[in-house]
Structure formats: structure tokens, C-alpha cells
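Subject: The structure, and some notes on how its domains meet

Hi there,

Here is the structure I promised to pass on. Please have a look at it first, and then read my notes below.

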Amino acid sequence: MTTRTVLHGIGVSAGTSFGPAAFVTPAAGVDASEPACTDVETDGQRVREALNAVAEGLKARAEGAPETSKAILEATATLATDRGLIKGIDKELKKGSGVTQAVHDAVETYANKLRKLGGYMAERVTDLYDIRDRATARLRGLPEPGVPTLSEPSVLIAHDLAPAETATLDPEQVRGIITEAGGPTSHTAILAAQLGIPAVVKATGISAALAAGEQVALDGGVGEIIIAPTEADTAELAERSRRRASALAGSSGEGSTRDGHKVKLLANIGTADDARKAAAFDLEGSGLFRTEFLFLDRDSAPTVEEQTKTYTEVLEAFGGRRVVVRTLDAGADKPLSFADLGEEENPALGRRGLRLSMMREDLLETQLEALAAAYKATNADLWVMAPMVATIDEAKWFEAKARSYGLPKVGIMVETPAAAIRAKQVLSVVDFASIGTNDLSQYTMAADRMQGELANLLTPWQPAVLSMIRATCEGGSATGKHIGVCGEAGGDPLMALVLVGLGVSSLSMAPSKVNAVRAALRVHDLSTCQQIAAYAIDSWTADEAREAALRVADPMLRDLL
Ligand code: PEP
Ligand code: MG
């Protein structure tokens, strides 16, 4: 029996839960020590058996899957036993390649053919790679990669999860997520909060400390993990949930401070499905629609028609409520296969965000055309903004482009220190700004947001980051322009008080975080928020800033964290 062990990581999605551990397996790759093929007949038979087993496994998963994924799994199963693929593998074996090498090379040749055909066929390349990785694992006697099929609600344990993988998780089956790597503003963490799944990242040593099926409990608020929890542990976690629930009780309606200063509470979304789910929450619209999720994990860009359909669905989901759409923010940790501008030494400092759109105007134009069509069809309260703006020229360029499509409200994200300290000038050419505190922290502190080790630097509590936010708000008040926040900081109830105190008038976050932020605002006057902000910004360190804010805030705030 495993002994009770407590580990700590970084809590990124509040809530407590427990369940059996289920491991996400990484793809194994070619076996570098495998023998060359000397008997095509025998090796060919081995590969065919592996592919048949992959197909059977996929069919079995399809049976229990929801309608939307059923068809995809069935089509992938059929592709696993495709005659052309098997012929290609035999050809590689005849050249003398070992079995896993033959699978990889034949799949690559096949994938290139599908890419050339374009459209639906090109989209099958992802399925083909999935088959390759599953067959390789079988040939090497290893478990198949990816999220395992869950027979009961479980806690997922992974080294890290790709954003595309996280986005498809079923919150009914996944009770919690614990990763060894990742940081508080990594996209995996963001998506977990989006799905309302409690999550802890940067849990060093978790994979080694735990076996599949063992019970594990987590508190995604404070980042605590308990392996083999006792009854007392689960009772304590339940008590924390209860205190939180009582602090949240009665949180509803428009966001405002105790003395009636309005703060719009909005949702961060990535898909039309997110929009429908978020719209069902008690909130005032969406302050960040990360449109790049329509573009990720594909071999070609979505068409104007496809995009129009999605944007229309999103705008309709929110009815008359505000929807702030961010144009394509790809590059860095969100690469696009069809907009590859070549290798970069430092992708986070490279041609990402608006810079990529300026080099691939076709992608932005398609997007703006689709947004304009969706706006025309719905007449919604649509705001459009560009990511990663650093100069006034970039802001002007984007503003002119968006206006030329007839879009009514055009803004920028403030994610670079350059935009923050020149906010007054940059804001003079657009209608509004939304502060992306994730990237603003990364670029102010020169600390990679993917690096869990740098979490101390990456927090918006760093006084330098708070100064950047204040500079942006000063630019907003000098120009009379609206300043929102849509980075993870907006969903932290204590930080929300600081942001409002600095002059932010809307906060956008994972829908699951809105209640806590609303409850925190409701018990503080605007002047108290201003006082909390002043204490935080005058602190010398990030820890002191947070402690100072906590000291001035109402004691009930502790139950919301
Ligand atoms: C941000 O940087 O704070 C932001 C909201 O954008 P993203 O997290 O998608 O980079
Ligand atoms: Mg960003």
C-alpha cells in the first residue's frame, strides 16, 4: 500500500477533487536500436497485426464516445488498415528499414500525398500521425500514447498536455489535472480553468511518486496534492470547498464594487462550444475570444465560410452581450503548420501575434471578412482587437484594416512593455485596450511563461508588472479609452481588487472564476480597491505586494482563493 504523501505544485484552476490516477502517455518515436528488416513477410505481418490492433482499439473507443468524436474515431480506425498505407510500409521494409522506421517513413510519404490533395484529405494527416504513434507503441511493446480511455472519473497525470489535447478533455470524466511541467499562464493551465477542471501544474516528481489507479487528491486553488489521501484529508478538502461555497453564496448579477462602481465581468473563450457554455453563466459577455483555437491542429486555414459560421454562433450565443474577439494569435507555443515562417531562435520574441498577421495578411483579411459577415448577420456588440502590439504604427495598421471591413470597435491588447509605457499614444489611435497580463508579465520580467521554474518572476504581483498596468490605465484615463484585463490575473479575486483600484473597468476570465471575483468586488468599495492597489504597487517584492493586498482586503477573501 502506498503511504500518504503531500506534494506541492502551482494551483491554476480552483476546486478540490480526488480519484484514481490515469497517466497520459507521451509518443514513443522510432526505436533507434531496432534491427534492420531481413524478412519482409514476417515483419510485414507484425506491422499489420499492430495496425489491426490499433484499429480495433479505436473502434472500441468509438462505441463509448459522444456523437461528435464517434465519427472521427471510426474514420481513423478505417485509415489504420488502409491498403495504400500497408503497401507503403512493405516498400520501406523491402528497403531494409526496421519495423518502426518503416511505419514512420511510410506514414510521412502518405501524409505528404494527403497534404497535396488539400481539403478534407489534408485534414486526415493528424489522424495518420495518431495511427503512426499508436502502432509504434504497440511494436515497441509500450502503452499507446495520449489520454487513456477512462473507465471511471479520474485524475489525469501528465508531463505536460498540449493545448489541443487539453481542449478535447471531457470534464465529466476528468476530475483533475496534475502536470510535472507547465506554468500558471501556460495555455494548458488556461484551458483547464476554462473547462472548470481543478488543476495543479509544476508538480515536480508526481509521475515517479504515483502509480496508475492509485488514489490522488488535489486542491487546484493552493496547489496541494495528496497521494493516497486519508479520510481526514478528503474531509478537509470537502470543508475547504464548503467554506468557498459559503463565501460565494449570493454572488450574482452585474459586477460592481460595494459602492456601485461597475466592473464588467466577462468570459475567456476559445470555441463556439465554449461560448454556448459561457453564455449560460451569470456574466456580461466575453472579453477574450482566442480565435486561434480554430486554426490550431489543422493542415490548412479555415475558410471564410467556416469562420463566419463559428463567429456567428459565438455572437448569437451571447445575444446582445459584449463579445471581444482577438484576431489570430499564433506562433510561439501555438504554431500553425500552414503559416510556418521558418525556424526561429526565440519564437516568443519572434513573428507571433500581430507580427504574423502582418506577414500573412491573407490570414487576417479572411478573418476580418468573416467577422464583418458575422457582425452584419447578428448586429451584436462586437469588439475586435489585435494581439502582441508593440508600436503605434502596428496599432494604426490594424485599426485601418479592421475599419476597412466596417468593424465598429477596434482595439489592441497591451502585452508588451512597449505598448504599456506608451499607452497614451497607442490608445489615441484605437477605441480600447485589453491588458494581456500573461504576456505582459512574461515580457516585463523577461521570463518564459512556459517555464514553471520562473513562476516567481512570472506573477502579475511583481511590482514592475503592476507599474506596467498602472501606466496602461493612466493612458486610458488620459484618452478616455476603456481598459480591460483578459489575462489570468483578472480571474484572481485578490488581484481583481488591485486591477479595479488601478482603473481597469472590465475583467475577463474562465467562466468558472467569475463568481469568486464578483463576490470579492461586492464587499469592497472603490476607494478600498484604490488603497489596496496603492499598497501593492508600493511594495518591494511580489510576495509583499500580495500580502499587503491581503491585509487590507476583507478577511472573507481568503476563502475565495
Ligand atoms: C495574455 O497574454 O495575457 C493573453 C490573454 O493572451 P494569451 O494568454 O492567449 O497569450
Ligand atoms: Mg497573450
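The notes that follow cover the domains, one interface and the salt bridges.

This is a predicted model, in which local features need pLDDT of at least 70 and side-chain atom pairs count only at pLDDT 80 or more, while totals for chains, interfaces and linings use all residues. Residues are numbered from 1 along each chain as its sequence is written, chains are lettered from A and ligands numbered from 1 in the order in which they are written, and side-chain values use heavy atoms, with hydrogens and water left out.

The protein divides into domain 1 (5-25 + 146-248), domain 2 (40-140) and domain 3 (264-560); these bounds come from an automatic or database domain assignment. UniProt, in an unreviewed entry, lists residues 256-523 as "domain: PEP-utilising enzyme C-terminal"; such annotations may be inferred rather than shown by experiment, and the positions are in the numbering used here, with feature names shortened.

Now to domains 1 and 3. Their C-alpha centres are 26 Å apart, and the contact (heavy atoms within 4.5 Å) takes 20 residues from domain 1 and 26 residues from domain 3. Together they bury about 2000 Å², 59% of it on carbon and sulfur atoms; buried area is the accessible area (1.4 Å probe) that two parts lose on being put together, summed over both.

A search of the whole structure finds 34 salt bridges, each a side-chain nitrogen of Lys or Arg within 4 Å of a carboxyl oxygen of Asp or Glu. Between domain 1 and domain 3 the count is two. Glu453 and Lys202 form a salt bridge through their side chains, at 3.3 Å from N to O. Asp559 and Arg243 also pair up in a salt bridge, at 3.4 Å. Asp559 sits in the segment after α24 (542-552) and Arg243 in helix α10, 316 residues apart; helices are DSSP runs (H or I, at least four residues), numbered from the N terminus.

Best wishes

Technical notes:
Helices (H or I, at least four residues) and strands (E, at least two) are DSSP runs, numbered from the N terminus.
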